[in-house]
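This report is a short tour for a reader new to the structure. Please look over the sequence and the model before reading on.

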Amino acid sequence: GRVRVAVRLRPRSAEDLLSDADFADCVELQPELKRLKLRKNNWSSESYKFDEVFTGTASQKRVYEVVAKPVVESVLSGYNGTVMAYGQTGTGKTFTLGRLGKDDASERGIMVRALEDIVANVSLASDTVEISYLQLYMESIQDLLAPEKTNITINEDPKTGEVSLPGAVTVKVQDFDHFVELLQIGEGNRHAANTKLNTESSRSHAILMVYIRRSVPEKVEDDINSQDRKTKSKLPLVRKSKLLIVDLAGSERLDKSGSEGLLLEEAKFINLSLTSLGKCINALAENSPHIPTRDSKLTRLLRDSFGGSARTSLIITIGPSSRHHAETTSTIMFGQRAMKIVNVVKLKEEFDYESLCRKLETQVDHLTAEIDRQQKLRESEKYDLEKRLRDCHDSFNETRKNLVTRSELLEQKNTRLELVIEEALAELNCQKDQNSLLEDKIADLEMSLKQNKVIVFDKYLLWLFFHVLRLYDSS
Ligand code: ADP
Ligand code: MG
């Protein structure tokens with residue numbers, strides 16, 4: 001995308017009305033044609049085309065919607081973006097960018113409206129919005145949110161060329177009111193710093209950096225290295241983008257703006273960044289092979305904004321007064337050259353290693369707790385088993401002891417019984433002997449009985465004979 005350039009004309013100021021009362025304005029706007037006519041003299045004028053032309057009556061809302069909103073939207077989608085105001089002091093750069101509009105919301109400038117949009121579109125639970133607010137004066141970067149930090153260095157990643165300011169404070173924005181508060185603190189510090197340095201804010205560049213980190217709905221990717229093609233791994237993705245809102249120092253030449261007291265060298269130094277920005281814009285517009293980005297801190301910080309990968313909108317502010325014809329012309333030429341610059345916007349999407357790491361840490365915590373639980377369980381099981389084993393041992397010993405006692409008892413009983421048996425056997429033998437004696441006696445007796453029976457029978461026969469004899473005698 002080409003750098004978009006809009007021009008905004010400040011209405012006549014009280015000073016203009018006083019000193020230019022009799023003169024016509026040096027510019028004529030043709031908003032419907034998006035053209036601006038710059039009067040060279042009474043007879044001729046030059047016409048320039050811009051992406052948008054705002055008259056003195058254009059509202060802050062419209063300026064935001066045309067100039068900054070597309071950039072903010074692309075920043076929300078993950079691209080880097082820059083909104084920058086360039087113009088002579090007093091032409092409305094700060095009015096356009098930095099107005100807080102605390103009492104009247106319609107007066108809010110681009111910074112406040114951009115953050116309002118950003119905060120409304122991100123989910124502050126899963127996404128983060130952080131800001132840094134800096135001032136660049138005399139090639140020294142001061143932190144407007146931590147004024148004690150005065151010489152912040154710029155780091156450039158040698159591989160990606162990405163510019164970072166590790167020394168600057170970044171504050172996580174909680175909500176819109178918090179942001180306005182931070183902006184107000186920054187403004188206060190800017191004023192205090194400039195009073196201390198005995199300068200005006202018109203000589204310093206104010207840079208608001210908004211870092212947005214949004215998580216992308218999880219993509220399911222094939223794990224190519226895996227043997228099992230069906231294995232899918234979920235990789236959380238994150239989009240990181242950066243919005244720069246730059247309120248540049250006044251583009252007028254210092255010798256004209258009452259800086260006579262300054263040494264020439266110092267004066268050059270003050271505007272070194274701006275001069276070098278002009279050179280870079282010229283080189284880029286002419287497609288020069290060498291862009292002197294490294295010549296100043298401002299051009300190093302804006303490396304991505306011009307000729308880089310950011311979507312950039314430039315608003316050039318001019319006054320109507322013919323007194324400042326030269327400055328107005330140079331501002332318009334700056335804008336015309338910037339319109340020729342083409343940036344190649346790039347989406348910065350990367351794996352959300354932080355969230356993956358957090359996820360894995362939670363899993364590890366979970367597993368550790370589970371292992372602890374299992375170990376405790378095992379320990380208590382082991383204790384139980386050991387207790388049971390001890391109990392078994394004890395009861396085994398007890399039983400063995402009992403058995404030993406019983407077997408001893410039985411043995412004693414046995415011996416006693418054996419003795420008894422022996423005695424009984426002896427008695428039995430004795431009885432047996434007596435028995436056989438008795439049997440002999442019985443046999444003897446039977447014998448004698450038999451003999452006696454024969455004698456009795458003989459005696460009976462004898463008696464019977466005598467009896468028969470007597471009977472016979474008697475008869
Ligand atoms: P710069 O930052 O370019 O030096 P300022 O933003 O401080 O200029 O503006 C200078 C004065 O002009 C301020 O008082 C401001 O309110 C006024 N002014 C600038 N632009 C406009 C505008 N579009 N409408 C009304 N007043 C303006
Ligand atoms: Mg200003």
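## The shell around the ligand

The residues of the shell around ligand 1 divide into two nonpolar, six polar and four charged. Here Ala, Val, Leu, Ile, Met, Phe, Trp, Tyr, Cys and Pro count as nonpolar, Asp, Glu, Lys and Arg as charged, and the others, Gly among them, as polar. The shell holds Arg-8, Arg-10, Pro-11, Gln-88, Thr-89, Gly-90, Thr-91, Gly-92, Lys-93, Thr-94, Phe-95 and Arg-99. A residue belongs there if one of its heavy atoms lies within 4 Å of the ligand. Helix 3 supplies the largest share of this shell, three residues. Helices (H or I, at least four residues) and strands (E, at least two) are DSSP runs, numbered from the N terminus.

This is a predicted model, in which local features need pLDDT of at least 70, side-chain atom pairs count only at pLDDT 80 or more, and totals for chains, interfaces and linings use all residues. Residues are numbered from 1 along each chain as its sequence is written, chains are lettered from A and ligands numbered from 1 in the order in which they are written, and side-chain values use heavy atoms, with hydrogens and water left out.

## Polar contacts to the ligand

A polar backbone atom of Gly-92 is 3.1 Å from an oxygen atom of the ligand. For Lys-93, the distance from a polar backbone atom to a ligand oxygen is 2.8 Å.

A polar contact is a pair of N or O atoms within 3.5 Å. Within protein, one must be able to donate a hydrogen and the other to accept it, and residues adjacent in sequence count only if both atoms are side-chain atoms.

## The annotated binding site

In an unreviewed entry, UniProt lists Gly-87, Gln-88, Thr-89, Gly-90, Thr-91, Gly-92, Lys-93 and Thr-94 under "binding site". UniProt positions are given in the numbering used here, feature names are shortened, and annotations may be inferred rather than shown by experiment.

Thr-91 sits in the loop between strand 6 (81-87) and helix 3 (93-98). Thr-91 counts as buried because its relative accessible area is 5%. Buried means under 20% relative accessible area, exposed over 50%, partly exposed in between (1.4 Å probe, protein chains only). The Thr-91 side chain reaches the backbone oxygen of Gln-88 at 2.5 Å. Beyond four places in sequence, Thr-91 touches Arg-10, Thr-317, Ile-318 and Gly-319. Contact means heavy atoms within 4.5 Å.

Lys-93 is part of helix 3. Lys-93 is buried too, at 6% relative accessible area. Its side chain reaches the backbone oxygen of Gly-87 at 2.9 Å. Outside four places in sequence, the contacts of Lys-93 include Asp-247, Leu-248 and Thr-317.

## Two buried strand residues

Ser-313 lies in strand 14 (residues 311-318). Ser-313 is buried, with a relative accessible area of 5%. A polar atom of the Ser-313 side chain lies 2.8 Å from the backbone oxygen of Val-67. Apart from neighbours within four places in sequence, Ser-313 is in contact with Arg-4, Val-67, Val-71, Thr-82, Val-83 and Met-84.

Ile-141 belongs to strand 8. Ile-141 is buried at 1% relative accessible area. Ile-141 and Ile-152 are eleven residues apart in sequence, with 5.2 Å between their C-alpha atoms. Among the other contacts of Ile-141 are Leu-134, Leu-165 and Leu-301.

## Two loop residues with positive phi

Glu-139 has a positive phi of about 60°, although it is not a glycine. Glu-139 lies in the loop between strand 7 (128-137) and strand 8 (140-143), and is buried at 13% relative accessible area.

Asn-287 has a positive phi of about 55° and is not a glycine. Asn-287 is in the loop between helix 7 (272-285) and helix 8 (297-301). Asn-287 counts as exposed because its relative accessibility is 69%.

## The coiled-coil region

UniProt's unreviewed entry places a "coiled-coil region" at residues 407-448. Over these residues the chain is 100% helix and 0% strand, and the end C-alpha atoms are 59 Å apart.

Lys-453 is found in helix 10 (residues 353-474). Lys-453 is exposed, at 57% relative accessibility. Lys-453 and Pro-292 are 161 residues apart in sequence and 171 Å apart in space, C-alpha to C-alpha.
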